Amino acid sequence: MTKARSGAVPGKVRLGIIGLGVQGTAYARMIAEGIAGDLVVGAVADIDDAVRTHAQEVCPGAPFYTDYREMIAGGDVDAVVTTVPHYLHPQMGIEAIKAGVHVLVDKPAGVYTAQVRELNEVAAAHPDVTFAIMFNQRNNPLYQRIKEIVDAGEIGAIRRSNWIITTWWRPDAYYGASEWRATWGGEGGGVLVNQAPHQLDLWQWICGMPTSLVAKAAFGFRRDIVVEDEVTVLADYGDGVTGVFVTATHDPAGTDRLEILGDRGKIVVEGSKTATLTRFAADERELSARLSVTEGFKLAGGGDTEGFYTTEQIETESAWGSQHAGVLANFASAVLHGTELLAPGADGINGVRLANAVHLSAWLGQEVALDFDEAVYLRELNARIREEGLFPERPDPGA
């Protein structure tokens with residue numbers, strides 16, 4: 001925990017909300033309802049002065065700033081949360097950390113790895129400042145249990161994972177709601193950077209990072225936009241291990257299904273609410289060696305599975321909003337008491353790296369290593385920003 005700032009509230013973390021839109025307002029209400037742990041709203045910053053009235057309604061008495069830098073320097077907050085367009089998270093996080101203010105960035109950590117790397121480096125140089133990211137799905141009891149099962153080796157070494165996550169249907173009106181939405185220069189991408197960052201994070205959190213991937217992405221496939229609204233990824237983890245990730249924003253009856261197959265078992269998750277855990281009686285190769293051709297066909301055809309595998313249903317309860325509130329509470333506890341973070345901020349670069357690699361593979365039409373050249377990615381991104389002509393090109397922090 002850093003040294004207390006002037007005006008500190010004993011036993012509480014004064015949180016500055018940067019950007020009081022839908023998400024910022026949701027966090028403010030969670031804090032007001034007392035479900036977000038030891039947080040109080042210390043101040044609000046929004047570039048739109050018209051938000052001032054709304055801020056007083058949801059955060060009565062909290063000072064209002066139109067410049068987040070003034071809020072950081074003003075002494076009203078111990079920490080900030082960045083509920084702003086994606087490109088701004090690293091910049092705001094860096095300025096807060098350098099000022100000794102704790103930071104919770106919303107997802108994603110940024111748009112391209114070079115800017116997120118700079119944020120991580122600044123955070124690493126200030127270990128006394130708490131740095132977290134709003135990966136609320138890590139606070140989903142179901143995925144916490146699945147990670148425990150995988151990490152404990154209960155299904156053996158992972159051999160394949162598949163995630164179809166298409167529960168992101170968005171109508172045309174959604175994309176026309178603001179100028180920055182669904183643009184390369186304003187948002188930095190489509191479904192990968194806006195809707196699916198949580199699943200990209202969970203995928204790598206549970207299954208690890210691949211070594212390379214090849215992707216097919218459709219840009220403006222079913223909507224009048226320039227960014228991706230349909231993506232299929234084939235990831236290579238080495239040693240024959242693969243993963244498939246499919247996401248889209250044009251399926252009104254969307255699917256959310258994750259399968260993880262290991263040497264000794266399998267996990268199937270439906271709707272991020274229930275899971276079926278199958279435990280093999282032995283390593284799959286050992287099972288194979290035991291069976292005759294006839295016995296193998298009987299088992300594959302739905303015959304008696306006794307002695308070969310057992311199944312267990314896993315169901316957990318997680319009320320709407322509790323996952324976000326839990327991350328907020330955990331962040332406050334980390335600031336006040338040094339509690340281990342559910343989602344350390346430095347982890348945010350992994351999902352950004354996956355999204356960048358998918359874009360790059362689709363743009364170049366080739367397989368891309370996960371240690372791709374960041375300068376090549378930024379060059380390709382800026383080429384698309386120039387073509388749009390709506391926003392300035394993005395800088396290379398290392399240049």
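Colleague: How many bridges join strand 7 to strand 10, and do they run parallel or antiparallel?
Modeller: Bear in mind that this is a predicted model. Strand 7, residues 158-165, and strand 10, residues 241-248, run parallel and are joined by six bridges. Within that pairing, asparagine 162 stands opposite valine 244 of strand 10.

Colleague: And which sheet are those two in, with what strand order?
Modeller: They belong to an open sheet of nine strands in the order 14-13-12-11-7-10-9-8-15, where the pairing is mixed. At its edges are strand 14 (309-315) and strand 15 (368-369), each of which pairs on one side only.

Colleague: Which helices lie on it?
Modeller: Helix 6, residues 141-151, packs on this sheet and touches strand 7, strand 11, strand 12, strand 13 and strand 14, with its direction making about 170° with that of strand 12. Helix 9 lies across strand 7, strand 9, strand 10 and strand 11, and runs at about 165° to strand 7.

Colleague: Switching to the six strands: what is their order, and is the pairing parallel or mixed?
Modeller: Those six strands form an open sheet in the order 3-2-1-4-5-6, and there the pairing is parallel. Strand 3 (64-65) and strand 6 (131-133) are the edge strands. Further in, strand 1 (residues 13-18) pairs with strand 4 (residues 79-82) over four bridges, and isoleucine 18 stands opposite threonine 82. Helix 1, residues 22-32, packs on the sheet, touching strand 1, strand 2 and strand 4, and its direction makes about 150° with that of strand 2.

Colleague: Now the cavities: how many are there of 30 Å³ or more?
Modeller: A search of the whole structure finds two.

Colleague: What lines the largest one?
Modeller: Its lining has 15 residues, and Pro108, Pro197, Gly348, Gly351 and Val352 lie nearest the centre. Helix 8 (191-194), helix 9 (197-207) and helix 13 (348-364) each give two or more residues to that lining, with the largest share, four residues, coming from helix 13. By class, the lining has 11 nonpolar, three polar and one charged residues.

Terms used:
Residues are numbered from 1 along each chain as its sequence is written. This is a predicted model: local features need pLDDT of at least 70, side-chain atom pairs count only at pLDDT 80 or more; totals for chains, interfaces and linings use all residues. Side-chain values use heavy atoms; hydrogens and water are left out. On a 1 Å grid over the protein atoms alone, a cavity is a set of points where a 1.4 Å probe fits but cannot get out, and a pocket is an open set with protein on both sides within 12 Å along at least five of seven lines; lining residues have an atom within 4 Å of a point. Grid points are joined across faces, edges and corners, and a volume is the space filled by probe spheres set on the points. Ala, Val, Leu, Ile, Met, Phe, Trp, Tyr, Cys and Pro count as nonpolar, Asp, Glu, Lys and Arg as charged, and the others, Gly among them, as polar. Two strands pair if DSSP finds at least two bridges between them. Contact means heavy atoms within 4.5 Å. Axes are lines fitted to C-alpha atoms, for helices over the stretch in contact, and angles run from 0 to 180 degrees between N-to-C directions.
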